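Here are my notes on this model, as numbered points. Please read them with the structure open.

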Amino acid sequence: MKQLPIALIYSRLLIGFGIILLSVFHASHYSFLAITLLSIGLLTDVFDGIIARKLNISSEKLRRLDSGIDQVFFISVAVATYIQCPDFFKTNLVKLIVLGTFEASTYALSYIKFKKKLPPILSALKSGR
């Protein structure tokens, strides 16, 4: 039972890659499948934390894992969306850049204010990986 929050966290990783695969292979009923998987992914995100707190196994390490996989999950959804609707990204490029800049600035401000480690995605970019 104590492994359930970790399983929910890693399931989100699989769901994200599953959405990309459905998009790449242009699965029939893609919209329905992608929305269903996205909903399941969001539910796993809600319940992994609730269950971890109920089981009293919540930790900084588990929260950082959750945060890192959340980033990968939402980037996977964005990639799948790009594959399905590239024109949306071309039409809204400036708005998406502004949104991305605001998101990056929240991480930068948190880093400056709390001196916390950078999230995994930004750490990889900083180190050049």
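1. Start with the length of H2. This is a predicted model, and in it H2 has 25 residues. From first C-alpha to last, H2 reaches 36 Å. At 1.5 Å a residue, 36 Å is expected, and the value in the model is close to that.

2. H5 can be read in the same way. H5 covers residues 93–114, which gives 22 residues. Its first and last C-alpha atoms are 31 Å apart, close to the expected 32 Å. Just after H5 comes Lys115, with a positive phi of about 55°.

3. The overall make-up is simple to state. The chain has six helices and zero strands. Read from the N terminus, the order is α-α-α-α-α-α. The chain has 129 residues, and 25% of them count as buried. Take the contacts between residues at least 6 apart in sequence: 74% of these join residues at least 24 apart.

4. How do H1 and H2 pack? H1 spans residues 4–24 and H2 spans residues 30–54. The angle between them is about 165°, and their axes are 9 Å apart. An angle over 145 degrees counts as roughly antiparallel, so H1 is roughly antiparallel to H2. The crossing of H1 past H2 is left-handed. By class, the residues of this contact are 16 nonpolar, four polar and three charged.

5. Now the other partner, H3. The axes of H2 and H3 come within 12 Å and cross at roughly 170°. That angle makes H2 roughly antiparallel to H3 as well. On the H2 side, the contact includes Tyr30, Leu38, Gly41, Leu42, Asp45, Asp48 and Ala52. On the H3 side, these meet Leu62, Asp66, Asp70, Phe73, Phe74, Val77, Ala80 and Gln84. The contact of H2 with H3 divides into nine nonpolar, two polar and four charged residues.

6. Which residues of H2 are buried? They are Tyr30, Ala34, Gly41, Thr44, Asp48, Gly49, Ile51 and Ala52. The buried residues of H2 pack against H1 and H3, the latter covering 60–84. Tyr30, Gly41, Asp48 and Ala52 are worth a look here: they are buried, and they also belong to the contact with H3. Note that Asp48 is a buried residue that is charged by class.

7. Is His26 buried or exposed? Its relative accessibility is 56%, so His26 counts as exposed.

8. His29 is found in the loop between H1 and H2 too. Its phi is near 60°, again positive in a residue other than glycine. With 63% relative accessibility, His29 counts as exposed.

9. What follows H2, and what is its phi? The residue is Asn56, and its phi is positive, near 60°.

Conventions
Residues are numbered from 1 along each chain as its sequence is written. This is a predicted model: local features need pLDDT of at least 70, side-chain atom pairs count only at pLDDT 80 or more; totals for chains, interfaces and linings use all residues. Side-chain values use heavy atoms; hydrogens and water are left out. Axes are lines fitted to C-alpha atoms, for helices over the stretch in contact, and angles run from 0 to 180 degrees between N-to-C directions. Helices (H or I, at least four residues) and strands (E, at least two) are DSSP runs, numbered from the N terminus. Angles under 35 degrees count as roughly parallel, over 145 as roughly antiparallel, 65 to 115 as roughly perpendicular and the rest as oblique. A crossing is left-handed if the near helix is turned anticlockwise from the far one by less than a right angle, and right-handed if clockwise. The expected span of a helix is 1.5 Å times one less than its number of residues. Buried means under 20% relative accessible area, exposed over 50%, partly exposed in between (1.4 Å probe, protein chains only). Contact means heavy atoms within 4.5 Å.
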